[in-house]
Amino acid sequence: MSNNLTLNIENIKKEKDGMDVLADIFFYAVFGEFVSPEDLERFKWYGIYAQDEKQKHFILRVPLSMGELNLNQIKILSFISKEFSDNSLLFLDEQKVEFRNLKIYDLPNIFNLLQEAKLNTYFEAGHTVRRILTCPVNGIDDTQLLDVEPLANKLNGTFIGNKNFSNLPNKLQIAISGYEEGCNVQFTPDVSFNATKDTKDKIIFAIKVLDKIIGYITPAQVVKTAIAIANIYKDFGDRTNLQNSSFESLVNNWGINKFFDILNSTVNYKIEKNKTIQEQTTPRKPRMGINKSKIEEQSYIGCKITSSIIQSSNLDNLSSLLEKYSASKIKITHKGNIIILDALSANADDFAKDLEKINFNPFV
């Protein structure tokens, strides 16, 4: 193998696509052989990492679509943590769940349980388009201009697990938001689509590349534009130097104007470079604490978590409270906290007090 890390990774991907390593994962699990460095690199496409050089333990990261978990999924994740992961898991600030101290021979059982919960680890990492980032109170905050869940689902359905986008020069992170200012994530996404309104009161999306607005499109053009951007990066991103392989490096090398011109030439509609938009003056609601949902008779409760490590017993306590108060789903925020999405307003105060008792603190 070459000493050039970039060329090594490019050769690894040419020899076998990261999406094609699933059978090898099961092979290693059954026969217990030492995982080759090449396959360890490919394992990242499925969220698997060696925890130590001797490969006694492994880490598995599970990306969550829109950061959401329903009650059944929470229970299955708790079961996995009890059976295979030392009775704990982590809520990560990338809207992912992480299991540690796994044995490789347990991975097939864990994958089967995740499938039962309608979860998967496709494109957790590797040179892929990652899960689309959205705002944690999307669809329930009435200050939001648009519920972007249908578009986020279309984007995830287009990219995640699609071999056409499993071999990029490096990762590509896309976000979509129903707020003009976007989502409050911990880093700048490569590409963002942020809802706004034009002077005719129509919803349009600002395309942000590396946090700079380059143009405006309609909601119906979002998925096509995202595909065009991903294909440009796939075709023109640097595959010879790992330090220059990022999407950011491509844009900086070309300049934002050249990138816009190439993007505009690859789609069969005109991206409006300059557009007069309405200024949005309504501040978005807080994330933490009890807040009225736009869904009638419901509230959402944002809870701060003091530690990213969640004991399975505490996850079970959370499940019990969700059932007690007739709630069914949560979201992990971009800061690794949680939001109860569908609390009944009539008993939200009592719910919040009980959450505080199990160290999910709404009173911050």
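**View 1. Side-chain contact between serine 78 and aspartate 316.** In this predicted model, the side chains of serine 78 and aspartate 316 are joined by a polar contact of 2.7 Å. Serine 78 is a residue of helix α4. Leaving aside residues up to four places away in sequence, serine 78 touches Ser312, Leu315 and Asp316. Serine 78 counts as buried because its relative accessibility is 0%, and the limit for a buried residue is under 20%.

**View 2. The open sheet of five strands.** An open sheet is built from 5 strands, which follow the order β1-β2-β5-β4-β12. The pairing within this sheet is antiparallel. Its edge strands are β1, residues 48-50, and β12, residues 309-311, each of which pairs on one side only. On average, and with direction ignored, neighbouring strands of the sheet are turned by 30° against each other.

**View 3. Helices α4 and α10 on the sheet.** Helix α4, formed by residues 71-84, packs on the sheet and touches both β4 (88-92) and β5 (96-102). The direction of helix α4 makes about 15° with that of β5. Helix α10, formed by residues 312-324, also packs on the sheet, where it touches β4 and β12. The direction of helix α10 makes about 75° with that of β12.

**View 4. Pairing of β1 with β2.** Strand β2 comprises residues 58-63 and pairs with β1 in the antiparallel sense over 3 bridges. Alanine 50 has phenylalanine 58 of β2 as its bridge partner. For isoleucine 48, the bridge partner in β2 is leucine 60. In general, the strands of a sheet pair through backbone hydrogen bonds, in either a parallel or an antiparallel manner.

**View 5. Strand β2 and its pairing with β5.** The antiparallel pairing between β2 and β5 extends over 5 bridges. Within this pairing, leucine 60 stands opposite phenylalanine 99 of β5. Leucine 60 is also the bridge partner of isoleucine 48. Strand β2 is mostly covered, with 5 of its 6 residues buried. In the order of the sheet, β2 stands between β1 and β5.

Methods: Residues numbered from 1 in each chain as written. Predicted model: local features only at pLDDT ≥ 70, side-chain atom pairs only at ≥ 80, totals over all residues. Heavy atoms only, no water. Pairing = 2+ DSSP bridges. Helix = DSSP H or I, 4+ residues; strand = E, 2+ residues; numbered from the N terminus. Axes fitted to C-alpha atoms, helices over the stretch in contact; angles between N-to-C directions. Contact = heavy atoms within 4.5 Å. Buried < 20%, exposed > 50% of the residue type's maximum accessible area, 1.4 Å probe, protein only. Polar contact = N/O pair within 3.5 Å; in protein donor to acceptor, adjacent residues only side chain to side chain.
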